[in-house]
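This report describes one protein chain for a reader who has the sequence and the structure at hand. It begins with a single residue and then widens to the whole chain.

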Amino acid sequence: MSNQEQSLGATRDTVYDHAADSYGTLPEHLWKQSSSVIVGDTVYLYLAAPYSCIKYKCEAVEVNIPYDYADDNVSMNKVMKIRRLHTYADDEFGIARLKRRGVASVRGPRSIPYRLRTELEESSGDRT
C-alpha cells in the first residue's frame, strides 16, 4: 500500500469496463481516464462479455496524460498509466457475484461497494 493510500485511510476503487485484449501480458498499460483518479489509486478492470468479470487489480501510476484519440467506439482526451498488481481467475468475480454484492452492471467508472472491495482485497492478498 502506498503512503498516499495510507494517508487517505481508504483506497478510492473504481471498476472499468474493459474489452479483452493483451493487457494480461503487459505489466503497465495506458487506459482511458474518464473519472477523477489520482496516483496510487486502485483500479479494477472489468472484462465485458463473454468474460463478464473483474479480471485485474491495478494501481494508477500516472494520471491526466493528454491523449487525443477517437474512432467509432471510443474517444479520449486523457489517459492514465496503470500497473497490473493482481490477476483474478475468470470465475472468481463474475457478474453473478457482482450482482449479489450490489453491482448490477458495469458500463464505465463506478465505485465499489465495501463488501465487494473487501473480498477483492482479500483475494489479492491485501488484508488492509
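## Backbone and surface of the chain

Asparagine 64 counts as partly exposed, with a relative accessibility of 44%. The model in which this residue is described is a predicted one. Asparagine 64 lies in strand β4, and its phi is near 55°, a positive value in a residue other than glycine. Such a value deserves mention because most residues other than glycine have a negative phi.

A second residue of this kind is serine 52, whose phi is near 50°, again positive in a residue other than glycine. Serine 52 belongs to the loop between β3 and β4. Is serine 52 buried or exposed? Serine 52 has a relative accessible area of 19%, and the limit for a buried residue is under 20%, so serine 52 counts as buried. Asparagine 64, by contrast, is partly exposed.

The loop that holds serine 52 also contains proline 50, and this loop runs between β3 (42–47) and β4 (53–70). The peptide bond from alanine 49 to proline 50 is cis, with omega near 15°. This bond is noted because most peptide bonds are trans.

Tyrosine 67 is another residue of strand β4. Its relative accessibility is 35%, and it is therefore counted as partly exposed. Together with Leu30 and Tyr69, Tyr67 forms a nonpolar patch on the surface, and the three residues have about 260 Å² of accessible area together.

The table lists the relative accessibility of three residues discussed above.

| Residue | Relative accessibility and class |
|---|---|
| Serine 52 | 19%, buried |
| Asparagine 64 | 44%, partly exposed |
| Tyrosine 67 | 35%, partly exposed |

The description now turns to the chain as a whole. How many helices and strands does the protein chain have? There are 3 helices and 5 strands, and along the sequence they follow the pattern α-β-β-β-β-β-α-α.

The protein chain has 128 residues, of which 39% are buried. Its accessible surface comes to about 7,100 Å², and carbon and sulfur atoms contribute 47% of that surface. Among the contacts in the protein chain with a separation of 6 or more, 64% are between residues 24 or more positions apart.

Notes. Residues are numbered from 1 along each chain as its sequence is written. This is a predicted model: local features need pLDDT of at least 70, side-chain atom pairs count only at pLDDT 80 or more; totals for chains, interfaces and linings use all residues. Side-chain values use heavy atoms; hydrogens and water are left out. Helices (H or I, at least four residues) and strands (E, at least two) are DSSP runs, numbered from the N terminus. Buried means under 20% relative accessible area, exposed over 50%, partly exposed in between (1.4 Å probe, protein chains only). Contact means heavy atoms within 4.5 Å. Accessible areas come from the Shrake-Rupley method with a 1.4 Å probe; for residues, only the protein chains shown count as cover. Patches are made of residues with over 30% relative accessible area and no salt bridge: like charges are joined within 9 Å, nonpolar side chains (Val, Leu, Ile, Met, Phe, Trp, Tyr) within 5 Å. A salt bridge is a side-chain nitrogen of Lys or Arg within 4 Å of a carboxyl oxygen of Asp or Glu.
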